[in-house]
Amino acid sequence: MATWKNLDTLASYSKLAGLKGHVNIAEAMTGENGAERVKKYSAPMAAGLAYNYAAKQVDETVLNALADLADEAQLIDKFQELYNGAVINTGEKRMVLHHLARTQLGDAVVVDGVDKREFYVAQQKKAADFANKVHTGEITNENGEKFTTVVQIGIGGSDLGPRALYIALENWAKANNTFKMEAKFISNVDPDDAAAVLASVDLAHSLFIVVSKSGTTLETLTNEAFVKNALVKAGLNPSKHMLAVTSETSPLAKSEDYLTAIFMDDYIGGRYSSVSGVGGAILSLAFGPEVFAQILDGAAAEDKLATNKNILENPDMLDALIGVYERNVQGYPATTVLPYSQALSRFPAHLQQCDMESNGKSVNRFGEPVDYVTGPVIFGEPGTNGQHSFYQLLHQGTDIVPLQFIGFKKSQLGVDVDIENSTSQQKLCANVAAQIVAFACGKKDENLNKNFKGGRPSSIITGEELTPASLGALLAHFENKIMFQGFVWNLNSFDQEGVQLGKVLAKRVLAHDTDGALKVYSDLLNI
Ligand SMILES: O=P(O)(O)OC[C@H]1O[C@](O)(CO)[C@@H](O)[C@@H]1O
């Protein structure tokens, strides 16, 4: 059994802390040294991706210290315990089993006589069978007509991951003739969200997936009622247009109002649930179950790499450890995710929940306060759009923000134009290469307003093309990175008590049970 200790009690951490400012990345990345680093500091990922960390503030000394930290913190032992069914989520006393939904890793985890891996696979099959029947016309609307659109109703982990993955593969599926149905998403309780989506679809040919693990989320239940109301008004029977993805113990599971119910369980956290029916139903409907299976395969292959004790051959753990060095030793407050791929436009939003809901904690897994900083602020936008937005601060602001670039050689649609001797794809890739060097090396100018100090660390994940498998690998990479960081910080990365208080107060506002500032704000907003 691994032992769980606070980061600041580890001898390897004291050694690492002594390496603050050890590498001058501007110097390291200049000239031939820089070229050598780019070739050397690269770790293969699954599905043809590679994690390049040449422009991070590391050298052999820092990497050795990170390896010692990985060993002392028993990161691989903890990962093994996690996927073999240990109660890693101490806050909620639950296992953490999202890896079992996509991988052959580990032993059988049996709960109340049910093999959890078999359960997840059976639910994926249920989603796949349902999707196939919709595609072949075995399941139709009341008039025997095929459904053409699918709308997911959910929020947080029941929205962000599936939405990011759908957007990531929409063009790929069109270019590869696997596009089956258009997907839309309703998440916000703002009535304009549901109203606008409903106005944009043909209700009679739309399927709605109500996704809520708990079956109690205010926004989702409200939006479900909103949609049902619209269906009834249009003379349609909601139970012929809706299915549910929920846990077997949730109130939704007991309802007869759905075409089918696909189940998940408490051992897969919402923000890690894209690989369950939460993502499986909508992605199988939109692109076909085979595409969803390829996402799972990519994730499984990346998980396998994450079991390697050698940090240089474990890109997920290496990325996590470099992030800890940046956060705890270098003192950087945030990390930005910058995909140079329009298809990944919502991927940073998904990672925001995954990372900040997991590691935005100030007590350890035993509920005791920690004396060191934990999860950074995560934000991001696709390049090159971000360059024309917040890169000013990234280049010349007073905070150093580590950057995580993602870039692909090929576009998904392959439609391009050559202007002034380069294609748009080449321009995109040129920009990401330029940014890495600009951030690392900077540029001296006597006019300080035009001076770039450099010294701003970045990494890049590169690949041939964003495909279902490489997307799965990318998803698993960041999930595993967050998990390893939680282990290093001795956090429980799998509960989210910090979201509760606001929900409780909102209920009081709606019940008109307010006083003090809550009352004044309620009056201000006319509730
Ligand atoms: O799937 P559910 O139970 O509706 O929960 C939605 C989201 O709400 C949260 O609990 C946060 O409020 C997330 O962790 C979760 O992804």
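This is a predicted model: local features need pLDDT of at least 70, side-chain atom pairs count only at pLDDT 80 or more; totals for chains, interfaces and linings use all residues.
Me: How many residues apart in sequence are the parts tied together by the pair of phenylalanine 79 and phenylalanine 484?

Reply: Among the contacts of phenylalanine 484 are Leu75, Ile76 and Phe79. The rings of phenylalanine 79 and phenylalanine 484 lie 5.8 Å apart, centre to centre, with 75 degrees between the planes, an edge-to-face arrangement. Phenylalanine 79 belongs to helix H5 (residues 75-83) and phenylalanine 484 to helix H16, so the pair ties together parts whose separation in sequence is 405 residues.

Me: Is histidine 477 buried or exposed?

Reply: Histidine 477 is part of helix H16, and its contacts include Met45, Glu302 and Ile461. Its relative accessibility is 0%; because buried means under 20%, histidine 477 counts as buried.

Me: Which side chain makes a polar contact of 2.8 Å with that of histidine 477?

Reply: Beyond four places in sequence, histidine 477 touches Pro315, Asp316 and Asp319, among others. The polar contact of 2.8 Å joins its side chain to that of aspartate 316.

Me: Over which ring does arginine 365 lie?

Reply: Two charged residues can be considered here. Lysine 116 has its charged end over the ring of phenylalanine 119, 4.4 Å from the centre. Arginine 365, at 3.7 Å from the ring centre, lies over the face of tryptophan 4.

Terms used
Residues are numbered from 1 along each chain as its sequence is written. Side-chain values use heavy atoms; hydrogens and water are left out. Contact means heavy atoms within 4.5 Å. Helices (H or I, at least four residues) and strands (E, at least two) are DSSP runs, numbered from the N terminus. Buried means under 20% relative accessible area, exposed over 50%, partly exposed in between (1.4 Å probe, protein chains only). A polar contact is a pair of N or O atoms within 3.5 Å; within protein, one must be able to donate a hydrogen and the other to accept it, and residues adjacent in sequence count only if both atoms are side-chain atoms. Rings of Phe, Tyr and Trp (its six-membered ring) pair if their centres lie within 6.5 Å; planes under 30 degrees apart count as stacked, over 60 as edge-to-face and the rest as tilted. A charge sits over a ring if NZ of Lys or CZ of Arg is within 6 Å of the ring centre and within 35 degrees of the ring normal.
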